[in-house]
Every structure is written in C-alpha cells, then in structure tokens.
Amino acid sequence: MQLYLPIAEIPVNIFVIFGMGGTVGFLSGLFGIGGGFLLTPLLIFSGIPPAVAVATVTTQIVASSTSGVIAYWRQKAIDLKLAFVLLCSGVIGSALGVWLFGILQRLGQLDLVISLSYVTFLGSIGGLMLVESIKAMMRRRSGDAPVARKPGQHSWVHGLPMKMRFRRSKLYVSVFPIFAIGSIIGFLGSVLGIGGGFMMVPALIYLLRVPTSIVIGTSLLQILVTMSAATIMHSYNTQTVDIVLALTLMIGGVIGAQLGARIGQKLRGEQLRLLLALLVLGVGLRFAVNLVLEPEDPYSVVVVDGENA
Amino acid sequence: MHMLASFLCLISLFSLSIISARAESLVSAISSPTVSITSNFTGADILVFGEVNRDAASVARANDNELIVVVEGPPERMTTWRKERLAGIWINATSSTYAGVPSFYAVHASTPLTVVAGEQTLKEQRIGLQNLPLAPIASGEMTRNERKVFRDALIRKREEIGLFVEKSEAIKFLSPTLFATNVELPSNIAVGEYTITTYLFNGQVLLHQQQQKLHIAKEGFEQHTFSLSRQQPLLYGILAVALALFTGWLAGIIFRKD
C-alpha cells in the first residue's frame with residue numbers, strides 16, 4: 001500500500017516503513033538503545049531525502065523514549081538534577097546542530113557531513129564496544145572475575161572546578177564534563193538524527209561514574225527532552241519533519257521494541273554487546289564504502305528552491 | 001510568451017490573407033484541469049486530445065499533419081553537483097546552478113521531433129529537452145565544454161526520475177483529424193500551475209498552437225499538513241512532539257507488564 005508523504009513529497013510503501021520501524025524497534029528493545037543511528041541510515045538508503053530522514057527520526061525517538069521514561073520514573077530510577085543539567089546543555093547543543101544543519105543544507109554538503117560523522121562515530125564506538133565485549137567473553141571463558149571499580153578511585157574529570165552535588169547518583173562533580181557530554185550529544189543528535197543513548201550511557205558510566213541503575217532512566221529523560229526540542233527546532237528552521245512518516249515509524253517502533261525487550265532478557269550481556277558492536281560497525285562501514293568507492297554517477301541534482309525560483 | 005503567441009497569431013492571420021491555404025486549426029483539451037495529490041497519490045495520467053479542423057478553404061496537402069504536445073511544470077532553481085575525489089573520499093566538489101528550470105517537462109510528438117519541425121523552429125519555440133533555455137547562474141569560470149557536461153547531466157538526472165520526458169511517435173491519430181496522447185505525471189511531481197501546449201505542424205511549418213492550464217495541488221490532509229508546516233512551523237513542531245509523547249505513553253500502557 002502506497003502512502004504519499006506530505007513533507008518528503010514522495011510516496012512510500014507503508015508496510016516497508018512500518019517494517020523498518022519495527023525492525024529498528026526490535027533491535028532497540030533488544031539492546032536497550034534508541035536506534036536512531038540505525039533508523040536514519042535505513043531511511044536514507046531507502047530514498048527518503050537525508051534532511052527529512054534526520055529531522056523525522058528525532059520525532060520518532062521522542063515516542064520511543066517516552067514509555068521508557070515513564071517506566072523508570074515509576075521506579076524512581078532517574079536523577080532529575082543530573083538530567084536537568086544534561087538537557088539544558090543538550091538543548092543548546094541541538095540548537096547549534098539545527099543551525100549548522102540549515103547551513104550545510106544550503107551549501108550542498110549535508111550528505112557528506114552526515115556520512116563522515118556516521119563513519120567516525122559508529123566506527124570508533126563500534127570498535128570500542130567490540131574490543132570490550134570480546135575481552136569480557138574471554139574473561140568469562142578463562143573464569144577470571146571482571147576488574148571491579150575500586151571505591152574512591154578518581155579520574156582527571158573529578159579534578160575540575162565548579163562542582164555540583166547530585167544526591168540521587170551519589171556524585172560530586174564539576175558541571176563542565178556534564179555540560180560537554182550533554183551539548184555534544186545534543187549537537188550530534190540534531191545533525192545526525194540519533195538520540196545518542198549509545199554514547200550517553202557509556203560516557204555517564206565511565207567518565208562520571210554515575211551508578212548503572214540511574215544511568216538509563218536519566219539518559220532516556222535527557223534524550224526525550226533534547227529530541228523534543230530538536231523536533232520543534234527542525235520544524236521551525238528547516239521544515240523537514242514529516243509527521244506521517246514519523247507516525248508510521250513510531251507505531252512500528254513501539255511494537256518492535258516490546259518484542260525485542262522480551263527476547264533481550266534471554267540473552268547474555270556480553271553476547272548482546274558483541275552483536276550490537278557488529279551492528280554499529282556494519283552501519284559505519286556501509287557509509288564508509290559509499291564515501292570511498294567511486295560513485296556510479298558522480299552527478300546529482302538538487303532542487304534548491306521549489307516555490308519561488 | 002504572450003507577446004510571442006500574439007505575434008504568431010498575427011503571422012498566421014497575415015499568411016491567411018495572402019494564401020488562404022493555412023486554414024487548419026487546432027482544438028485541444030485535457031482530460032482534467034486539476035490533479036489532486038491525496039494520501040494515496042502514486043502519479044497520474046493526463047490525456048491530451050483534440051481535433052485538427054479543416055475548413056472549405058483548406059487545400060489538400062502533400063504532407064501529413066504532425067503534432068507536438070509539451071507539458072511544462074512550474075519553474076524551480078536547481079543545482080547540479082559533481083562528486084570529485086578529495087583525500088580519498090568522494091565529495092560534491094563542483095556545481096552549476098540554474099534558475100527557472102521547469103520542475104516537469106514532457107514532450108510528446110507524433111514522429112521524431114526533428115522530422116516534425118526544423119532545428120531553428122524547435123529552438124525558437126523551446127521544444128525538446130535540448131532546447132530548454134538552461135543558463136547557469138554563478139557557475140564561475142567554467143569552460144563551454146564543462147557547461148555542456150553539467151547541463152546534460154541535469155537533463156539526464158531529471159530523465160532518470162521521470163520528470164523530463166521526450167517521446168516521439170507518442171501521439172496517436174484516431175482518425176485523420178482526431179488525436180490523443182497520454183502524459184504520465186510521476187508521483188514525485190511538484191505542485192503548481194502547469195501549461196500544456198499543443199502545436200500543429202505541416203511540412204515543418206507551424207500552423208497553429210493551443211494552450212491549456214493544469215493545476216496540480218495537494219488536497220485534504222496532505223494539503224493541511226503541508227501548509228501547517230510552512231505557515232505555522234512552531235505549532236507544527238509542538239504537534240509533532242505531542243503526537244510522539246502520546247504514542248509513547250499509549251504504548252507504555254498497552255504493553256505494561258503487571
């Protein structure tokens with residue numbers, strides 16, 4: 001069944017889009033990630049204009065993180081103060097991202113920046129996760145206990161000034177690293193159409209040493225607010241949010257996520273991380289191949305201004 | 001265009017008074033003056049049909065009547081990019097921008113274009129993909145050759161997505177005087193005012209032409225959504241977020257594990 005998208009201005013097969021939302025939703029439920037970094041490339045590779053794909057996925061992420069936030073809220077597993085600092089910086093970061101997005105779109109280099117960023121971030125994060133999960137699996141096989149974090153162990157991050165106390169997370173750290181994490185992820189989120197959960201969670205755990213039980217709920221709340229802001233800013237600035245596409249993705253996504261979450265509970269942590277690492281690397285590689293291989297046709301045409309040329 | 005049309009009218013009147021031979025005229029029509037883009041839009045067909053009229057003054061001709069139908073969409077500004085290898089990766093490096101490019105351009109002819117009319121006539125009337133006046137704006141110091149390469153690439157890319165079409169032998173004569181042709185409007189078509197011009201030729205001489213307007217517009221939900229996103233972008237964004245929050249919340253309730 002074909003459905004005409006009012007903003008993307010092309011018809012799509014509604015079942016294909018629904019299926020994509022469902023598949024990515026399944027993976028996000030399985031791995032506990034937002035899945036924006038998978039959904040945006042899928043949409044781009046299937047012919048949705050990159051600008052529309054990126055902006056619309058920010059809306060889809062709002063939907064997919066909502067039910068998670070509600071669940072963690074009930075369990076009181078959210079550090080509101082930490083989330084507030086993160087999201088303030090996140091909104092600033094994503095405003096910068098939306099602004100840059102508009103400029104790049106006008107310059108004709110948006111696709112390049114999206115591809116390059118995907119290669120860089122997915123490549124490095126996927127690589128790190130792969131190494132980490134293989135190490136964990138080898139430790140498990142040789143029977144060694146994992147190296148536990150020693151209490152009172154501090155990194156350079158904890159030496160920075162302007163400290164703030166976060167009771168819920170039992171933290172006393174400088175606002176600078178929190179601000180940096182929030183704004184960088186907000187920025188990437190609006191430029192790349194990713195929630196950034198897969199970067200936020202390790203950053204909070206390894207850099208700030210936020211307790212694992214608090215991390216996911218807090219990160220989800222931050223993503224929810226930042227992506228809501230990004231949706232509104234994209235709507236206002238570039239007018240590329242396609243509400244019909246977003247709704248189709250959301251419905252597929254929430255159903256897939258439920259299935260994924262149920263299956264995810266049956267798999268072991270390091271196996272999941274290995275699979276996720278391979279997935280992240282695969283997407284990064286797909287972008288790299290596109291950049292490096294000689295294109296079949298080096299020419300492309302873009303309509304710069306449709307209404308009042 | 002108006003000036004040109006009235007000029008041509010004048011010429012045909014003038015020739016009529018001298019040799020009352022050019023008496024053929026053309027009556028053309030389209031199957032529908034509007035095309036609505038609704039949520040199940042996957043493209044549309046427009047039938048252009050009509051009759052070549054001959055009156056008592058018409059002389060028998062040695063040549064057959066030939067027709068050309070041109071469908072032209074609203075103008076757009078377009079940029080052709082060429083990827084070049086820079087530090088190992090392919091990036092959009094050189095570009096050429098054109099203003100006033102028809103967003104859709106289809107030419108249907110009863111025989112090959114160059115048989116219907118002379119090179120000069122086709123150029124003057126802007127008939128055919130090669131005769132589109134595509135002048136680059138701000139293309140810098142591009143060589144003549146380069147300009148042609150970019151121009152050809154623009155035409156080729158538009159042809160690939162079905163927005164530029166040139167077909168010969170696409171107009172059927174149902175009788176010696178009745179004709180019809182079917183113009184396919186692809187799903188990725190731009191909205192706006194389209195002009196459909198039918199030209200009657202005989203022996204490479206333009207005898208008559210007629211023009212119709214075709215209006216393509218989004219309708220119903222598609223139209224409301226689109227205009228909301230353009231006229232009330234802030235409200236549109238807030239609505240999108242509200243919709244997402246509601247869907248997420250609803251999913252949380254439906255799938256809640258008790």
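Q: What counts as a salt bridge here?
A: A salt bridge is a side-chain nitrogen of Lys or Arg within 4 Å of a carboxyl oxygen of Asp or Glu. This is a predicted model, in which local features need pLDDT of at least 70 and side-chain atom pairs count only at pLDDT 80 or more, while totals for chains, interfaces and linings use all residues. Residues are numbered from 1 along each chain as its sequence is written, chains are lettered from A in the order in which they are written, and side-chain values use heavy atoms, with hydrogens and water left out.

Q: OK, which residue does B:Lys157 pair with?
A: B:Lys157 forms a salt bridge with A:Asp297, and their closest N and O atoms are 3.1 Å apart. This pair crosses between chains, running from helix H4 of chain B to the loop between H10 and S5 of chain A; helices (H or I, at least four residues) and strands (E, at least two) are DSSP runs, numbered from the N terminus.

Q: Is B:Lys157 buried or exposed?
A: B:Lys157 is buried, because its relative accessible area is 17%, where buried means under 20%, exposed over 50% and partly exposed in between, with a 1.4 Å probe and protein chains only.

Q: And which residues are linked in that network?
A: The network of salt bridges links A:Asp297, B:Arg156, B:Lys157 and B:Glu160. Within it, B:Arg156 and A:Asp297 have their closest N and O atoms 2.7 Å apart, whereas for B:Glu160 and B:Lys157 the value is 3.3 Å.

Q: How many salt bridges over all chains?
A: Over all chains, the structure holds 10 salt bridges.
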